[in-house]
Amino acid sequence: MNRLVRWLEDYVLPIASRLGRIRWLVALRDAFVSLMPITIAGSLAVLIKSLIEAAQTHLSWTTFAFAMQPLVSISNLVWRGTFSLFAFFFALALGYQLAKSFEGNRLAAALVSLSSFALSIASVAKIKFHGDSVTIKNAFDISQFSTTGLFTAILFGSIGFAIYLACYKARIMLHLSANMPHAEQAAFDSLIPAMIAIFGVGGVNYLFQTLTGEYFGTWLLNSIQLPLVKWGQGFGTVLLVTLLVQVFWFFGINGLGVLSPILDSIWLTAQNGNITAIKNGHVPPYVWVRGSFDVFAWFGGAGGTLMLIVAILIFSKRSDYRTIAKIALAPGIFNIGEPILLGLPVVLNPVYLIPFLLTPVVNVAFSYWVSIMGLVNPVQVAVPSVMPPIIGPFLACNYDWRAIVLSIINMLIALAIWTPFVIAADKIANNNPKKFFMTQF
């Protein structure tokens with residue numbers, strides 16, 4: 001056990017620490033986080049519409065459904081102003097967060113990022129007219145403003161910002177000595193860097209379109225984004241990411257924070273694809289998405305530690321452990337795991353290494369194959385991460401009662417894995433409390 005911990009400390013911990021200090025990745029993570037109000041609002045619109053449709057279809061509440069049509073219309077409007085423009089908002093957020101990280105003009109950087117994204121997507125839209133496909137030129141393909149264009153927003157938003165930042169730091173700007181208001185002075189300072197960045201990105205796109213006859217954003221979607229999202233549906237990929245999150249957390253590094261750029265770029269894109277499909281009345285195309293990890297494995301926080309708390313309260317005889325578990329219970333119900341991870345602690349505690357790594361992997365593997373077999377709906381609605389277990393899966397799977405059953409089974413599996421180690425920790429601490437304390441630090 002100690003050899004494994006030392007190996008992880010020597011080879012894995014340095015990688016995690018370096019990743020956590022890369023400012024571009026931190027800005028990418030923060031951009032996704034900052035869009036949570038947009039994500040939740042759009043998902044709530046889907047939930048409301050689905051609930052009203054279910055009441056009409058399954059309960060024959062025709063009058064209720066008719067009376068709720070204004071609410072359905074409002075939900076459609078909310079959807080159109082949130083999820084259908086996800087990449088649009090993300091490009092703004094990314095530029096802002098990058099400027100915040102690199103100490104640039106945040107508003108100017110956000111606008112440069114958005115402009116760089118907008119001029120990189122197709123300016124040709126196709127519509128159906130009397131059964132025929134009609135091509136309209138000089139019109140944005142609005143579908144690429146949704147999560148379809150997310151990778152384009154990441155790539156060209158970053159390129160545009162990088163050019164802008166290089167010019168801004170090099171002081172390539174208009175130097176006006178007049179006593180001007182701050183807002184006007186900041187705008188003039190950013191004028192030339194922003195123009196160079198926008199024209200630079202425009203030049204890249206022009207060359208690509210001239211050489212290939214295809215829009216860069218469309219090529220990026222078909223050649224990189226879709227293959228990556230499909231790769232993220234693989235069983236091995238899902239397990240590997242789950243394991244890495246746990247390993248990082250064991251050393252006190254927020255694994256979700258470190259891997260958030262990967263999790264959100266791949267699995268959040270898939271989740272938004274499912275949400276869009278449900279909104280349009282289609283079958284969700286993806287089995288495993290970003291919310292699947294939260295609702296089926298990370299109940300109580302990373303490691304499924306809510307069941308560790310339950311195991312301590314049921315089986316532990318030590319008053320100090322039970323006191324910590326009682327304190328951590330309420331936060332754990334809302335998937336806040338830090339009190340038990342750092343209070344017991346689980347972090348850097350070799351006694352709990354195996355269950356901490358094993359529990360989420362087993363839960364994810366079981367839930368993955370249950371979803372593959374169609375025994376439960378895939379996650380198709382974004383719910384807040386603080387949504388309690390059982391309720392969260394039920395809502396995330398669009399009112400599927402089978403998700404409740406799966407959630408309970410997963411928690412029982414987690415309890416079975418955690419219990420022997422809780423009992424063992426009691427015995428070790430009772431037999432040699434000093435040695436047990438030293439193994440934790």
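## Loops and backbone exceptions

I390 is found in the loop between α17 and α18 (391-396), where helices (H or I, at least four residues) and strands (E, at least two) are DSSP runs numbered from the N terminus. The model is a predicted one, in which local features need pLDDT of at least 70 and side-chain atom pairs count only at pLDDT 80 or more, while totals for chains, interfaces and linings use all residues. Residues are numbered from 1 along each chain as its sequence is written, and side-chain values use heavy atoms, with hydrogens and water left out.

Although I390 is not a glycine, its phi is positive, at about 75°. With a relative accessibility of 30%, I390 counts as partly exposed; the classes are buried for under 20% relative accessible area, exposed for over 50% and partly exposed in between (1.4 Å probe, protein chains only). Y399, in the loop between α18 and α19 (401-431), is likewise not a glycine and has a positive phi of about 65°. The relative accessible area of Y399 is 25%, so this residue is partly exposed. In the loop between α16 and α17 lies P345, which is joined to L344 by a cis peptide bond with omega of about -10°.

## Helix α6

Helix α6 covers residues 86-102, and its 17 residues should span 24 Å at 1.5 Å a residue; the end C-alpha atoms are 24 Å apart, in agreement. The expected span is 1.5 Å times one less than the number of residues in the helix. Buried residues of α6 include F86, F90, L94, L98 and F102, as well as G95 and Q97. After the helix comes E103, with a positive phi near 60°.

P193 is itself among the buried residues of α9, together with D189, S190 and A194. Others in the buried set include Q185, N205 and F208.

The axes of α8 (residues 150-169) and α9 (residues 182-212) come within 8 Å and cross at roughly 140°. Here axes are lines fitted to C-alpha atoms, for helices over the stretch in contact, and angles run from 0 to 180 degrees between N-to-C directions. The two helices are therefore oblique to each other, given that angles under 35 degrees count as roughly parallel, over 145 as roughly antiparallel, 65 to 115 as roughly perpendicular and the rest as oblique. The crossing of α8 and α9 is right-handed; a crossing is right-handed if the near helix is turned clockwise from the far one by less than a right angle, and left-handed if anticlockwise.

## The crossing of α2 and α12

Helix α2 (residues 23-34) and helix α12 (residues 255-279) have axes that come within 8 Å and cross at roughly 55°. This pair is therefore oblique, and α2 passes α12 in a left-handed crossing.

## Helix α15

The 15 residues of α15 (residues 319-333) should span 21 Å at 1.5 Å a residue, and the end C-alpha atoms are 21 Å apart, which agrees. At I327 the helix bends by about 35°, and a proline, P331, follows within four residues. Its buried residues are Y321, A325, A328 and G332. N335, which follows α15, has a positive phi near 65°.

## Contacts across the sequence

L342 belongs to helix α16 (residues 338-343) and counts as exposed, at 53% relative accessibility. Its C-alpha atom is 8.1 Å from that of G252, although L342 and G252 are 90 residues apart in sequence. P355, in helix α17 (residues 353-372), is buried, with a relative accessible area of 0%. The C-alpha atoms of P355 and F421 are separated by 7.5 Å, and these residues are 66 residues apart along the chain.

## Cysteines

A search of the whole structure finds zero disulfides, a disulfide being a pair of cysteine sulfur atoms within 2.5 Å. C167 counts as buried at 8% relative accessibility, and C397 counts as buried at 0%.

Key:
The bend at a residue is the angle between axes fitted to the seven residues ending there and the seven starting there.
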